[in-house]
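Subject: Structure for you to look at

Hello,

Here is the structure I promised to pass on. Please open it next to this message, and read the notes below with it in view.

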Amino acid sequence: HASGKTGGYFRPEHIAAHENTVEDKGHAHPCALLDGADHVYVYSSQAGFEALLRGKPVTCFGTPFYAWRGLTDDHGPHPGYERQQCRIDELAHAVLIDATRYFHPETGAPCEIETVIEHIALYRKMIANDPPRAVLHGFSIMKKKSGVPERFFPATEFVTDPRIIEDDPTLPVISWGKALEI
């Protein structure tokens, strides 16, 4: 239960009984956990689908949408109807392309998945160009504490110590609103 939203199917006593089991307390990125796994066991979890996309063997004890299609080792209840057998690329296309509607992250207008991917790629490129360190100016204490600067500049360390600012006058300044009139 990486998200921490539910208690999960597996109880601490289940996990403790297996020495090669890693329990995520919500601190690791799921991709890192899946990439390091040899086998993924799920009850009903998106993580099982993501593991299949990574080519990992998956054992299901529940009945997620990807179970009983010839892709997983199924031990959960049969859904009560026949599920079409398919390859993972076919299921991925059905789930991620055919059955999903995408909206442009800025305009909110319907768009194709390729447009969203291009937007994400551009955003990642912009983050890579963020300054490694910068000075904040004009941010209220509330904005600073709420993490607003980090959301806009996730790769930047914000300098607040006046001595560092005096030692390096070339540090970029990130200003909020009209706090810095030019």
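Strand E6 pairs with strand E8 (residues 173-175) in the parallel sense, over three bridges. Here two strands count as paired if DSSP finds at least two bridges between them, and helices (H or I, at least four residues) and strands (E, at least two) are DSSP runs numbered from the N terminus. Within this pairing, Val 135 stands opposite Val 173 in E8. E6 (residues 133-137) also pairs with strand E7 (residues 157-159), in the parallel sense and over three bridges. In E7, Phe 158 is the bridge partner of Ala 134.

Before you read on, note that this is a predicted model, in which local features need pLDDT of at least 70, side-chain atom pairs count only at pLDDT 80 or more, and totals for chains, interfaces and linings use all residues. Residues are numbered from 1 along each chain as its sequence is written, and side-chain values use heavy atoms, with hydrogens and water left out.

The chain has a mean pLDDT (the predictor's confidence in each residue, from 0 to 100) of 86, and 88% of its residues reach 70 or more. Among the elements, the lowest mean, 72, belongs to helix H1 (residues 12-16), and the highest, 97, to strand E4 (residues 102-103).

Next, the salt bridges (a side-chain nitrogen of Lys or Arg within 4 Å of a carboxyl oxygen of Asp or Glu). The structure holds four of them. One joins Arg 54 to Asp 35, with the closest N and O atoms 2.7 Å apart. Arg 54 lies in the loop between H3 and strand E2 (58-60) and Asp 35 in helix H2 (residues 30-36), so this pair ties together parts that are 19 residues apart in sequence. Arg 87 forms a salt bridge with Asp 89 at 3.0 Å between the closest N and O atoms, and another with Glu 90 at 3.3 Å. Through these shared partners, Arg 87, Asp 89 and Glu 90 are joined into one network.

How many disulfides (pairs of cysteine sulfur atoms within 2.5 Å) does the count give? By this rule it comes to zero. For burial, the classes are buried (under 20% relative accessible area), exposed (over 50%) and partly exposed in between, with a 1.4 Å probe and protein chains only. Cys 86 counts as buried because its relative accessibility is 18%, while Cys 31, at 25%, counts as partly exposed.

Regards

Methods. A disulfide is a pair of cysteine sulfur atoms within 2.5 Å.
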